[in-house]
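Here are my notes on the model you sent. They are set out as numbered points.

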Amino acid sequence: MKCKLCNNKAAINLRAYNTSLCKAHFLSFVEKRVTETIRKYKLLNKGDSVLVAVSGGKDSLSLWHILTKFGYAPEGLYIDLGINGYSDRSLKKVLSFAKEVKARLWVVSLKEIFGLGIKELARVLKRPYCSACGTFKRYLMNRISMERNLRVLATGHNLDDEVSSLLGNLLYWKEEYLWKKNVVLEEYEGHLAKKIKPFFLISEREIAAYAFLSGIDYIYEECPYSVGAKTLLYKEILSRIEDQSPGTKLMFLKGYLKRLKAEKEGREQGPVSYCTICNYPSWGQKCVFCSLTERLDIPYKFEYKEYDFSK
Amino acid sequence: MISILMPLEFDGKKMDIEKPLRIRQLLKKLSLNPEDYIVVVNDTLVTDDEIVKNEDNVKIIRVVSGG
Ligand SMILES: [Zn+2]
């Protein structure tokens, strides 16, 4: 197969775009589409200070790489979930990547805050691992980006993550979540940082190829608790559909964004309350994080480590 | 004999092939959906029409993550 642009040998075939590209043309194809996403959805402005949440996987490290390449000089945040072996191995990848891009990295550890890892914390909250994990990650990402005054929080969520969660929301008609998903969530001064997903329209396969071709050393291993997660089942089914009808995933998600716009215009935001301790949105007086620190008798302030490789 | 390396799945598995075959057919033989993998032959990322022969090092990388 040849590159559609230069006739050199192709490195990847993109059936959704009906094209095949060589290494150089593929890398610039991905970068161009990320640039378009950033511009179209107004994700970033020149001079924005950015915090990238990194797990050591292909998505987040590629995102850190690409935003660095674009000149945003993002800082990284790694959340150590305290999962035996897996957390240490992923932190190692993140640290060596931070050194390579000469960036600043923040490391916050659940075990250092609570004396407990995610497994134990999920038990205390009587919640499934993945749901408890999501709650802590969202809280810590937001709190640290606000504390560090890094106004934009970027995550590596990709097309497949979004499409599979959209499918899940539709299958069970979770209307309370359905229209909350977006490429960008605006800042809410004093409460929430601006959140962006520059890979919203880029597939996992494209990111894996991008990471490989850019020489990014990421962790292949999956979180041991994600085994059997529903997301993986949805992804498997969507991949089979994609294999039969290339481009379906992209169409599904773009159709969602189009409808989201119409939906948002006709709808008022419901009343939201905020945690009386930390100002994070919450259902009751206190958010999940602050009520847990109270319950376990842990101080409100916690420490996290700084690794500055930028000098 | 081609060496197939699939990080974390069939790490280091070896497979004998009678005659050269295309990546597309190799994935089919292994019952893998091509949408879920990228394939690296002798350290180069290749498309699925690439032909592998004995003595090639094939790395099949799964692209799906738990999220
Ligand atoms: Zn080319």
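1. The model is predicted, and the values below are computed from it. The zinc ion has four protein donors: A:C3 (SG), A:C6 (SG), A:C22 (SG) and A:H25 (ND1). Their distances to the zinc ion run from 2.0 to 2.3 Å. Along the chain, these donors are spaced as C-x2-C-x15-C-x2-H.

2. The geometry of the zinc site is tetrahedral, because the angles subtended by the four donor atoms are 99 to 114 degrees, and the class requires all angles to lie between 85 and 135 degrees. For reference, the ideal angle for four tetrahedral donors is 109.5 degrees.

3. A:C6, at 30%, is partly exposed.

4. In chain A, helix α5 (residues 118–125) packs against helix α12 (residues 288–295) at about 90 degrees, with 12 Å between the axes. This angle makes α5(A) roughly perpendicular to α12(A). On the α5(A) side the contact is made by A:L121, A:V124 and A:L125, and on the α12(A) side by A:V288, A:L292 and A:R295. By class, the contact comprises five nonpolar residues, one charged residue and no polar ones.

5. Chain B contains seven strands and one helix, in the order β-β-β-α-β-β-β-β from the N terminus. Of its 67 residues, 54% are buried. Among contacts in chain B with a separation of 6 or more, 57% are between residues 24 or more positions apart.

Definitions and conventions:
Residues numbered from 1 in each chain as written. Chains lettered and ligands numbered in written order. Predicted model: local features only at pLDDT ≥ 70, side-chain atom pairs only at ≥ 80, totals over all residues. Heavy atoms only, no water. Donors = N, O, S within 2.8 Å, 3.2 Å for Na, K, Ca; no water. Tetrahedral: all angles 85-135°; square planar, octahedral: opposite > 155°, others 65-115°. Buried < 20%, exposed > 50% of the residue type's maximum accessible area, 1.4 Å probe, protein only. Axes fitted to C-alpha atoms, helices over the stretch in contact; angles between N-to-C directions. Helix = DSSP H or I, 4+ residues; strand = E, 2+ residues; numbered from the N terminus. Parallel < 35°, antiparallel > 145°, perpendicular 65-115°, else oblique. Contact = heavy atoms within 4.5 Å. Nonpolar A, V, L, I, M, F, W, Y, C, P; charged D, E, K, R; others polar.
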